Amino acid sequence: MKYILLCSAIVIASLMAFLPKNSLVIKGKVTDASGNAIVDAGVAEKGTGNITQTDNNGAFTITVKKENAVLIFSFVGYETQEVKVGGRTNLNIVMNPAVEKLEEVVVMRYGIQGKKDITGAEYEYKQAPVLRGRMSGVYVRKSPAPGERVYDKADMNMYESDDAGYNTEDYNGITENRFLAVKDNPLSTFSIDVDAASYSNVRRFLNSGQLPPAGAVRIEEMINYFHYDYAQPKDDKPFAVYTEIAESPWNKDNRLVLVSLQGKKIPTENIPASNLTFLIDVSGSMQDENKLPLVKQSMKLLVDQMREQDKVSIVVYAGNAGLVLPPTSGANKQTIKDAIDKLEAGGSTAGGEGIILAYKVAGENFIKEGNNRVILCTDGDFNVGMSSDAEMEKLIEQKRKMGVFLTVLGYGMGNYKDNKMQILADKGNGNHAYIDNMSEAKKVLVSEFGGTMFTIAKDVKLQVEFNPAKVQAYRLVGYENRMLNKEDFNNDKKDAGEMGSGHTVTALYEVIPVGVKSDFIEKVDALKYQSTNVNTDNQSPELMTIKFRYKNPDADISKLIEQPVIDNNVSLKNTSDNFRFAASVAQFGMLLRNSEFKQNSSFNNTLSLAGSALGNDAEGYRKEFIQLVQKAGGLAKKTSKHNQDDIAGRE
């Protein structure tokens with residue numbers, strides 16, 4: 001008996017030795033103000049990946065690393081709380097409803113004219129415009145509030161009931177990347193994307209009480225909106241490469257691989273002289289306060305960043321295009337601002353003419369080895385002259401060969417043409433941002449001035465080769481519009497994305513390890529004329545190898561970087577803030593898209609993950625993200641309830 005007790009004591013002592021010093025086991029319960037248990041509330045140790053959730057009784061147990069730890073409690077529809085542990089081992093938390101009242105979501109009723117929603121409002125049938133060659137109808141409130149959003153079941157498009165009529169916003173559809181078997185598809189190739197327009201546009205929808213259309217949710221742009229804490233490159237390369245691997249937050253059987261590029265930050269005073277041509281849409285569609293008036297305020301912020309050696313020209317377009325300010329030194333800021341103040345909206349939109357003239361002005365004032373760029377400010381609603389996507393694409397491809405880069409700044413709502421913005425930026429060696437308020441204008445044009453306005457590397461491509469001895473299948477999260485053929489990687493004639501000073505680019509792969517069963521792995525019949533056998537017996541510890549190609553801004557020949565990646569079996573709770581926050585944004589994007597690959601994703605899980613990874617959030621962008629997740633979770637619940645009521649009503 002003494003021997004058994006002695007052995008037990010040794011085992012316990014050994015286990016205690018592996019526990020973090022000063023660790024503390026905390027138990028408790030989370031309820032609402034009425035004492036009702038809150039199930040699946042997130043409980044996270046601040047600054048770590050230590051996360052758990054409450055059970056069906058609202059109870060939780062969590063082991064924290066130190067007695068003075070801070071726990072974050074979160075749940076959709078309730079205010080997030082931060083609680084100092086202070087050595088306590090029992091915490092009972094009462095959560096209060098979020099102060100901000102979510103706007104009512106108007107979900108359409110179909111089939112029976114005169115249907116009423118839960119508010120008692122009556123609907124009537126209206127014919128929608130012709131969409132993609134077919135007619136469609138919607139039910140709208142007989143007296144809709146200005147800006148109220150309604151849904152069209154036939155097209156899954158959203159329309160705005162306002163003085164101008166229906167919403168004509170345009171988004172390209174997104175076909176999500178699927179899981180691909182490594183034995184059939186060992187290579188994954190894509191172009192980087194530094195654009196962040198999708199996130200600010202999604203924020204605009206959510207802040208107005210609406211869930212965004214799936215086509216507006218580009219996950220890679222949402223991830224790349226945020227700042228991440230990486231060391232600057234130490235050599236002469238324009239960027240440094242960082243990787244991290246852990247369990248997937250939405251499927252613990254899978255691994256999530258983070259690949260990040262940190263661009264070299266060039267001090268503003270060291271940026272070459274700039275030749276900037278402002279191309280401003282002053283057509284009638286730009287009259288709203290969040291369009292031309294916001295453009296004018298934004299451009300003044302940019303003018304304040306100009307130096308004496310920089311020069312600014314202003315081209316405008318409406319029914320016709322014209323030069324309203326010849327090249328003017330950045331030292332003459334008031335002259336430039338006076339020209340901006342005189343701009344007024346009116347007329348149709350000859351976007352093609354404006355682009356041609358802007359590139360002509362930029363070319364005539366070209367600065368050799370300088371920063372030559374056209375900055376387009378528009379809602380993208382081109383309706384006169386060259387307006388088709390194919391024509392615009394061809395024009396931009398021709399003009400980019402001049403060595404002039406393009407920045408596309410989108411404004412407004414109701415008729416915003418996101419798809420045209422994407423084409424212009426992608427084909428014009430440029431970037432795309434959506435400006436929904438002055439705070440975003442300051443972020444893009446002041447805080448990130450170098451990244452927005454100065455390119456450090458162009459035609460940046462990634463190609464990943466997966467090791468079949470370690471990986472069964474993989475899925476690239478996002479970047480659907482940036483996929484390349486495997487042959488494009490070595491083809492220096494193939495256009496790819498640009499990287500600006502100080503920019504961070506992040507990509508996530510979800511990986512299904514060898515030996516894990518998954519319904520996402522689809523079988524293909526064996527080939528008749530060639531073998532599909534792959535070497536799964538190799539002894540390499542590498543999970544995959546990443547290759548990068550890039551060109552210097554003035555070069556035509558690419559350079560190659562190669563880096564192997566090994567999975568060290570790190571758990572999610574031991575990952576960096578960078579990893580967990582990027583994963584939380586990806587999860588949020590999948591939920592907004594209602595992705596078939598979201599698996600065990602939830603808004604509450606997103607809140608917990610993001611709350612544990614706030615890091616040094618000096619600008620407050622990550623805290624704002626948490627607020628948006630709260631809003632989206634509430635809106636999703638309301639939409640689900642309306643849909644259930646709608647089905648019950650039709651039955």
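## Charges over rings

The charged end of R622 sits over the ring of F581, 4.3 Å from the ring centre. K443 lies over the face of Y621, at 5.5 Å from the centre of that ring. A charge sits over a ring if NZ of Lys or CZ of Arg is within 6 Å of the ring centre and within 35 degrees of the ring normal.

## Basis of the values

This is a predicted model: local features need pLDDT of at least 70, side-chain atom pairs count only at pLDDT 80 or more, and totals for chains, interfaces and linings use all residues. Residues are numbered from 1 along each chain as its sequence is written, and side-chain values use heavy atoms, with hydrogens and water left out.

## Aromatic pairs

The structure holds 24 aromatic pairs. One of them, F75 with Y78, is tilted: 6.0 Å centre to centre, 50° between the planes. Rings of Phe, Tyr and Trp (its six-membered ring) pair if their centres lie within 6.5 Å; planes under 30 degrees apart count as stacked, over 60 as edge-to-face and the rest as tilted.

F75 is buried, at 12% relative accessible area. Y78 is buried too, at 18%. Buried means under 20% relative accessible area, exposed over 50%, partly exposed in between (1.4 Å probe, protein chains only).

## The Y225–Y621 contact

The ring centres of Y225 and Y621 are 5.9 Å apart and the planes lie at 75°, so this pair is edge-to-face. Y225 lies in the loop between helix 3 (219-223) and strand 14 (239-248), and Y621 in helix 13 (residues 621-650), so the pair ties together parts 396 residues apart in sequence. Helices (H or I, at least four residues) and strands (E, at least two) are DSSP runs, numbered from the N terminus.

Both Y225 and Y621 are buried.
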